[in-house]
Amino acid sequence: IRYDYMKTRPSEKMHLAVVACGERLEETVTMLRSAIIFSIKPLQFHIFAEDQLHESFKDILDDFPYKGKVNYTLYPITFPTDSVTEWKKLFKPCASQRLFLPLILKNVDSLLYVDTDILFLRPVDDIWSFLKKFNSTQIAAMAPEHEEPRIGWYNRFARHPYYGVTGINSGVMLMNMTRIRRKYFKNDMTAVRLQWGEILMPLLKKYKLNITWGDQDLLNIMFFHNPESLYVFPCQWNYRPDHCIYGSNCKEAEEEGVFILHGNRGVYHDDKQPTFRAVYEAIKNYSFGDDLVRSLLQPLELELQKTMHTYCGRVYKVFIKQLRKSIRDLSVRRSKGR
């Protein structure tokens, strides 16, 4: 893809959504920065945040130097009026907002939803391209919750149906929202198939005493009954501490590197997984426009080498393998665009 692609196809935008509540401002901004650094086509951010965070988001994002490449819209947190409290209490504050994105963003055809603790180590364009790989029945794409069933959560502890062998993780969720809005879903509540907006509340009522991970569990139940609707992408598109803390178990990342890093359970902000924290700090502290090799890659590699006393640190090269390639590709695109 040529570097001047944006000039020739300005309408070809990628839509990225995130939900930020509580102390997630800095983490969300760092995620957005990682999306901006490498992506090729223009990005449209849909940021759902508590009202008190809106001004801070606006101040920071308006200061980003990428006019024309990035647009954003801020939204309040909203749930169906008759069940606001129930949805707010589910798992973490605001987390279940993602379930309602197809109903709120009615004019958006396709969307990449990510948690705030996501970092892109290659262009958003590359995961966006999975939309073209969907067959006629697939409406969304996610990665498995685990690669190794012996440490899997769903297959050992779940008290509800879940997708596949080990369940799916909803921290990175690519959606064809037009198809989601049109689909009638099989379910275990009625013989009648229900649409997305009709199925959510009955599911919550049926399973609320049995679910641990909130909205992710509801998605697992939904895709258990409609497995033909899910496209599953490999673990390097949603690489979490579970992929390395018990020994390396994401083979694709070993071969090609980590594409999207998911620092769940707060590992960017404590000392439990210093490899994850090092990547987060490197992207957070990078100044737009600085040389990516000298200001991001080289300092990060030095920090990662200090983590080799940990299981994830022993495979630290998977954390920079793709990053190095992304930086090289970006340099090539820029030189061609001059």
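I began with strand 4 in this predicted model and looked up how far it is covered, finding that 5 of its 5 residues are buried.

Next I asked which way the side chains of strand 4 point, and I noted that Ser110, Leu112 and Val114 point one way while Leu111 and Tyr113 point the other way, all of them being buried.

I then looked for the neighbours of strand 4. With strand 7 (residues 168-176), strand 4 (residues 110-114) pairs in the antiparallel sense over 5 bridges, and here I found Leu111 standing opposite Met175 of strand 7. With strand 1 (residues 14-20), strand 4 pairs in the parallel sense over 2 bridges, and in this pairing Tyr113 of strand 4 is the bridge partner of Ala17.

Widening the view, I wrote down the strand order of the open sheet, which has 7 strands arranged as 3-2-1-4-7-6-10 with mixed pairing. Why is one side of strand 3 and of strand 10 left without a neighbour in the sheet? I worked out that strand 3 (70-75) and strand 10 (230-232) stand at the edges and each have a single partner strand, so one side of each has no neighbour there. I also recorded the twist, which averages 25 degrees from one strand to the next.

Last, I looked at what packs on the sheet and found helix 10 (residues 215-225), which touches strand 6 (140-144), strand 7 and strand 10. The direction of helix 10 makes about 65 degrees with that of strand 7.

Notes. Residues are numbered from 1 along each chain as its sequence is written. This is a predicted model: local features need pLDDT of at least 70, side-chain atom pairs count only at pLDDT 80 or more; totals for chains, interfaces and linings use all residues. Side-chain values use heavy atoms; hydrogens and water are left out. Two strands pair if DSSP finds at least two bridges between them. Helices (H or I, at least four residues) and strands (E, at least two) are DSSP runs, numbered from the N terminus. Axes are lines fitted to C-alpha atoms, for helices over the stretch in contact, and angles run from 0 to 180 degrees between N-to-C directions. Contact means heavy atoms within 4.5 Å. Buried means under 20% relative accessible area, exposed over 50%, partly exposed in between (1.4 Å probe, protein chains only).
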